[in-house]
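Trainee: I have a model open and want to learn how to read it. Where do we begin?

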Amino acid sequence: MKPITLCLASLTVLLTACSSSPVAPPASERTPIMCTQDVLQCPDGRFVGRTPPGCVFMCPAATTPPPAR
């Protein structure tokens with residue numbers, strides 16, 4: 001087999017594999033993330049709800065989420 005033929009065959013297989021990879025849907029078609037409607041009282045006395053995408057409680061003054069209950 002000639003080297004050019006082998007190279008073209010390899011390139012064809014590679015391009016076919018790459019072109020069939022899934023593509024993420026546009027933002028308008030994605031399902032929104034919905035969190036439960038519960039609240040947590042932060043150490044400073046404020047109340048916060050869950051924040052997407054991880055649906056964790058984030059106290060305004062804290063840099064890390066409060067411990068799980």
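Mentor: Begin with the surface. The protein chain exposes about 6000 Å². Carbon and sulfur atoms supply 67% of that area. Keep in mind that this is a predicted model.

Trainee: What share of the 69 residues is buried?

Mentor: Buried residues make up 10% of the chain. The cut-off for buried is under 20% relative accessible area.

Trainee: How should I treat confidence in a predicted model?

Mentor: Where pLDDT is low, the predicted coordinates should not be read in detail. Here the mean pLDDT of the protein chain is 77. Of its residues, 68% reach 70 or more.

Trainee: Which element has the lowest mean pLDDT, and which the highest?

Mentor: Helix 1 has the lowest, at 68. Strand 1 has the highest, at 95.

Trainee: How do I read a sheet?

Mentor: Strands of a sheet pair through backbone hydrogen bonds, either parallel or antiparallel. In this model, three strands form an open sheet in the order 1-2-3. The pairing is antiparallel.

Trainee: Which strands stand at the edges?

Mentor: Strand 1 and strand 3. Each has a single partner strand, so one side of each is left without a neighbour in the sheet.

Trainee: How many bridges pair strand 1 with strand 2?

Mentor: Three, in the antiparallel sense.

Trainee: Next, disulfides. What is the general idea?

Mentor: A disulfide is a covalent bond between the sulfur atoms of two cysteines. A search of the whole structure finds two. With bonded cysteines counted along the chain, the pattern is 1-3, 2-4.

Trainee: Where are the two ends of the disulfide between cysteine 35 and cysteine 55?

Mentor: The S to S distance of that disulfide is 2.1 Å. The pair links distant parts of the chain, 20 residues apart. Cysteine 35 is in the loop between helix 1 and strand 1. Cysteine 55 is in the loop between strand 2 and strand 3. Both cysteine 35 and cysteine 55 are buried.

Trainee: Why is the disulfide of cysteine 35 and cysteine 55 called left-handed?

Mentor: Look at the torsion about the S-S bond. It is about -80°, so the disulfide of cysteine 35 and cysteine 55 is left-handed.

Trainee: What about the link of cysteine 42 and cysteine 59: what is the angle about its S-S bond?

Mentor: It is -95°, and the link of cysteine 42 and cysteine 59 is left-handed. Their sulfur atoms are 2.2 Å apart. Cysteine 42 lies in the loop between strand 1 and strand 2, and cysteine 59 in the segment after strand 3, so the pair ties together parts that are 17 residues apart in sequence.

Trainee: Are cysteine 42 and cysteine 59 buried or exposed?

Mentor: Both cysteine 42 and cysteine 59 are buried. Take cysteine 59 as the worked case. Its relative accessibility is 7%. The limit is under 20%, so cysteine 59 counts as buried.

Trainee: Now salt bridges. How do I spot one?

Mentor: Look for a side-chain nitrogen of Lys or Arg within 4 Å of a carboxyl oxygen of Asp or Glu. A search of the whole structure finds two salt bridges. One joins the side chains of arginine 50 and aspartate 38, at 3.0 Å, N to O. The pair links distant parts of the chain, 12 residues apart. Arginine 50 is in strand 2, and aspartate 38 is in the loop between helix 1 and strand 1.

Trainee: How do arginine 50 and aspartate 38 count by accessibility?

Mentor: Arginine 50 has 30% relative accessibility and counts as partly exposed. Aspartate 38, at 31%, is also partly exposed.

Trainee: Which residue forms a salt bridge with aspartate 44?

Mentor: Arginine 46 does, with the closest N and O atoms 2.8 Å apart. Aspartate 44 is partly exposed at 41% relative accessibility. Arginine 46 is partly exposed too, with a relative accessible area of 46%.

Trainee: How far is arginine 46 from cysteine 59, C-alpha to C-alpha?

Mentor: The two are 7.9 Å apart in space and 13 residues apart in sequence.

Methods
Residues numbered from 1 in each chain as written. Predicted model: local features only at pLDDT ≥ 70, side-chain atom pairs only at ≥ 80, totals over all residues. Heavy atoms only, no water. Helix = DSSP H or I, 4+ residues; strand = E, 2+ residues; numbered from the N terminus. Buried < 20%, exposed > 50% of the residue type's maximum accessible area, 1.4 Å probe, protein only. Areas by Shrake-Rupley, 256 points an atom, 1.4 Å probe, with all protein chains shown as cover. pLDDT = per-residue confidence, 0-100. Disulfide = S-S within 2.5 Å. Pairing = 2+ DSSP bridges.
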